[in-house]
Amino acid sequence: MRDFYGTVLDNPMMLGTARFPSPQVMQEAFRQSGASVATVSLRREGGGGEAFREMIRSLGIHVLPNTAGCHSAREAITTAHMAREYFDTDWIKLEVIGDENTLQPDPFGLLEAAKALCADGFKVFPYTTEDQVLAARLVEAGCRVLMPWGAPIGSGQGLNNPYGLRTLRTAFPDIPLVVDAGLGLPSHAAQAMELGYDAILLNTAVAEAQDPVAMARAFGMGAQAGMLAAGAGPMPVREMAQPSTPVIGRAWL
Amino acid sequence: MKIEVNGTRHDIAATTVAEALTLLGWGDMRVATALNGDFVPAAARADTALSDGDRLEVLTAMQGG
């Protein structure tokens, strides 16, 4: 596993904590998935926040606060500072949303916020697109992890642009890459890992499954299978058939 | 002092962010604060003065993806 700002994760799965039918189901889903990172957010105090924070701490895994819902660099920067103090971590999943329908990141606001936060000592996990030029700018700004989307958040479409994701992997061989958002099935997780990605981050596909615990386990297995396959060296794709049974020794009938 | 706390108007006898949190019942709770869009660290709350019309945000942990 690759190094995420000095932390080597023991499992390539990162799981969100939202939309689960109950806290108990959420906790069991985390256990069954083997996830090494839990994403959380900050919202207006309405009671229960501290109990939730304790529950996440009891999972004994890394906490990654997000800036979900922020539409400007300023909002995201303020939220990141609040999250750093509240959750006592300098990790931040940086989201600056540019479009209401697709929840596509705003590349300009994202870069502006990433520059400010990296300069301020944050370990930024930017939720980005597969745009290679933007990725290069984020790395220049100090990001040592990139999290391109697979598809729009919560859509379950899988990897909409495998070419773009593959290109990004080739362009940034030494930067940990995470497919974040849009995964719907464990096969999507496997596909992302087969592309050589270092981790996957998802939420809705598990939380909104009919059986979230079983789906969490399935995603964990999918990610593991893909990771193992990437390391095993997949065969080249060929245009035509090639017999797998030896031709030598074939009977003359 | 007329301020807005988490989007709701309050008329409150507080002159600082720390006093406002105490009067609102959040004095001992772990929360994160921002005033008019700027982060206010916990250590700075007692020295951060309030003015009429200020917008105070008091946040805590929530589920997220």
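**Before you start**

This is a predicted model, in which local features need pLDDT of at least 70 and side-chain atom pairs count only at pLDDT 80 or more, while totals for chains, interfaces and linings use all residues. Residues are numbered from 1 along each chain as its sequence is written, chains are lettered from A and ligands numbered from 1 in the order in which they are written, and side-chain values use heavy atoms, with hydrogens and water left out.

**Stop 1**

Select residues 132-141 of chain A, which form helix α5. Helices here are DSSP runs of H or I with at least four residues, strands are runs of E with at least two, and both are numbered from the N terminus. Now colour A:L134, A:A135, A:L138, A:V139 and A:A141, the buried residues of this helix. Buried means under 20% relative accessible area, exposed means over 50%, and partly exposed is in between, using a 1.4 Å probe and protein chains only.

Why do the buried residues line one face of α5(A)? Seen down the helix axis, they fall within an arc of 155°, so they share one face; the arc is that of the directions from the axis to the C-beta atoms. An α-helix has 3.6 residues a turn, so residues three or four places apart point the same way.

To see what covers the buried residues, show α4 (107-119), β7 (123-128) and α6 (162-171) of chain A, which are among the covering elements.

Finish with the two ends. A:D131 caps the N-terminal end of α5(A), with a side-chain oxygen 2.9 Å from the backbone nitrogen of A:V133. Just after the helix, A:G142 takes a positive phi of about 120°.

**Stop 1**

Show both chains and select the residues in contact, meaning heavy atoms within 4.5 Å.

Next, draw the salt bridges, each a side-chain nitrogen of Lys or Arg within 4 Å of a carboxyl oxygen of Asp or Glu.

**Stop 1: an arginine in chain B**

Select B:R45, in the loop between β4 (38-40) and β5 (55-63) of chain B. Is B:R45 buried or exposed? B:R45 is buried, with a relative accessible area of 10%. Its side chain reaches the backbone oxygen of B:V31 at 2.8 Å. Among the residues that B:R45 touches, not counting those up to four places away in sequence, are A:E85, B:T16, B:L21 and B:V40.

**Stop 2: a charged network**

Select A:E50, A:R53, A:E54 and A:R57, which are linked in a network of salt bridges. Within the group, the side chains of A:E54 and A:R53 meet at 3.7 Å, N to O. A:E54 is partly exposed at 38% relative accessible area, whereas A:R53 is buried at 8%.

**Stop 3: two links across the sequence**

Select A:D90 and A:K123, a salt bridge whose closest N and O atoms are 3.6 Å apart. A:D90 lies in the loop between α3 and β6 (91-94) and A:K123 in strand β7, so the pair ties together parts of chain A that are 33 residues apart in sequence.

Then select A:D198 and A:R169, which meet in a salt bridge at 2.8 Å, N to O. A:D198 sits in the loop between α7 (186-194) and β10 (199-202), and A:R169 in helix α6, 29 residues apart. A:D198 is buried at 8% relative accessible area, and A:R169 is buried at 10%.

Definitions and conventions. A polar contact is a pair of N or O atoms within 3.5 Å; within protein, one must be able to donate a hydrogen and the other to accept it, and residues adjacent in sequence count only if both atoms are side-chain atoms.
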